[in-house]
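Q: Hi! I'm new to this one, could you walk me through it?
A: Happy to, let's bring it up and go step by step.

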Amino acid sequence: MAQEPEYREGLEELSEHYHRVLQLLGEDPTREGLLKTPMRVAKAMQFLTQGYTQDAHEVLTAALFRENYSQMVIVKDIDFFSLCEHHMLPFYGKAHVAYIPNGYITGLSKIARVVDIYAHRLQVQERMTLQIKECIEQTLHPLGVMVVIEARHMCMQMRGVEKQNSITTTSEFSGAFNQAKTRQEFMNLLHHQ
């Protein structure tokens, strides 16, 4: 049986606010189907924003290894879910991360964890892309880093322009990836099946 996650301070107060939100939307929070909804939503929101309590740099340094490898390391197709800070609606997709080591590598799963930490905050895709790149750059001091994120935004699909098939792509790069040839190598490897 799955263990109940630990919740942060303010859970009860958050639940009370969601109770009031239901009322303001014209619902009756005392009806059977909604009785537990405020607490469920409060717990979900704490889970979806748990990145505020996690240190991405610490995650990378926990699995830092000296290694004389200086070719591109790519972790691609990292699934993520986040919440748009403008509407608090989900955006989701895949992150692709590459770095060229400079004497140190990190555990491959740690790259995915870094993506998760920044995704589990209220975000905009552009900032999230930059934060992932900067975290890897500042912690590993590699020869270069490149991050590409492809995502679908529910704030564009469910409301506003209601465009169901649009995908937003963002990228950030530094160091060796400033060279078009290196970026192209990454993109070729990214789309190679």
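Q: Let's start with a strand pair. Which residue is the bridge partner of I100 in β6?
A: In β6, I100 is bridged to G144. Helices (H or I, at least four residues) and strands (E, at least two) are DSSP runs, numbered from the N terminus.

Q: Before we go on, what kind of model is this?
A: It is a predicted model, where local features need pLDDT of at least 70, side-chain atom pairs count only at pLDDT 80 or more, and totals for chains, interfaces and linings use all residues. Residues are numbered from 1 along each chain as its sequence is written, and side-chain values use heavy atoms, with hydrogens and water left out.

Q: Thanks! How many bridges do β3 and β6 have, and in which sense do they pair?
A: Strands β3 and β6 (residues 144–153) pair over 10 bridges in the antiparallel sense. Two strands count as paired if DSSP finds at least two bridges between them.

Q: And what about β2 and β3?
A: β2 (residues 73–84) and β3 run antiparallel, joined by 9 bridges. In that pairing V73 stands opposite Y99, and L83 stands opposite P90. The two strands make a hairpin with 5 residues between them, and M88 in the turn has a positive phi of about 55 degrees.

Q: Is β3 buried or exposed?
A: Of the 11 residues of β3 (residues 90–100), 8 are buried, so this strand is largely enclosed by the rest of the structure. Buried means under 20% relative accessible area, exposed over 50% and partly exposed in between, using a 1.4 Å probe and protein chains only.

Q: What's the order of strands in the sheet?
A: It's an open sheet of 5 strands, ordered β5-β2-β3-β6-β7, with mixed pairing. β5 (122–123) and β7 (168–175) are at the edges with a single partner strand each, so one side of each has no neighbour in the sheet.

Q: Which helix packs on the sheet?
A: That's α5, which touches β2, β3, β5, β6 and β7. Touching, or contact, means heavy atoms within 4.5 Å. The direction of α5 makes about 155 degrees with that of β6. Axes here are lines fitted to C-alpha atoms, for helices over the stretch in contact, and angles run from 0 to 180 degrees between N-to-C directions.

Q: How do α4 and α5 cross?
A: The axes of α4 (residues 108–119) and α5 (residues 125–140) come within 10 Å and cross at roughly 140 degrees. The two helices are therefore oblique to each other; angles under 35 degrees count as roughly parallel, over 145 as roughly antiparallel, 65 to 115 as roughly perpendicular and the rest as oblique.

Q: Which residues meet there?
A: From α4 there are I111, V114, V115, Y118 and A119, and they meet M128, Q131, I132, C135 and I136 in α5.

Q: New topic: where does Q71 lie?
A: Q71 is in the loop between β1 (64–66) and β2. At 48% relative accessibility, this residue counts as partly exposed. Leaving out residues up to four places away in sequence, Q71 touches Y99, I100 and P101.

Q: Last one, how many helices and strands does the protein chain have?
A: The chain has 7 helices and 7 strands. Buried residues make up 39% of its 193 residues, and its C-alpha atoms fill a box of roughly 60 × 40 × 30 Å, taken along the principal axes.
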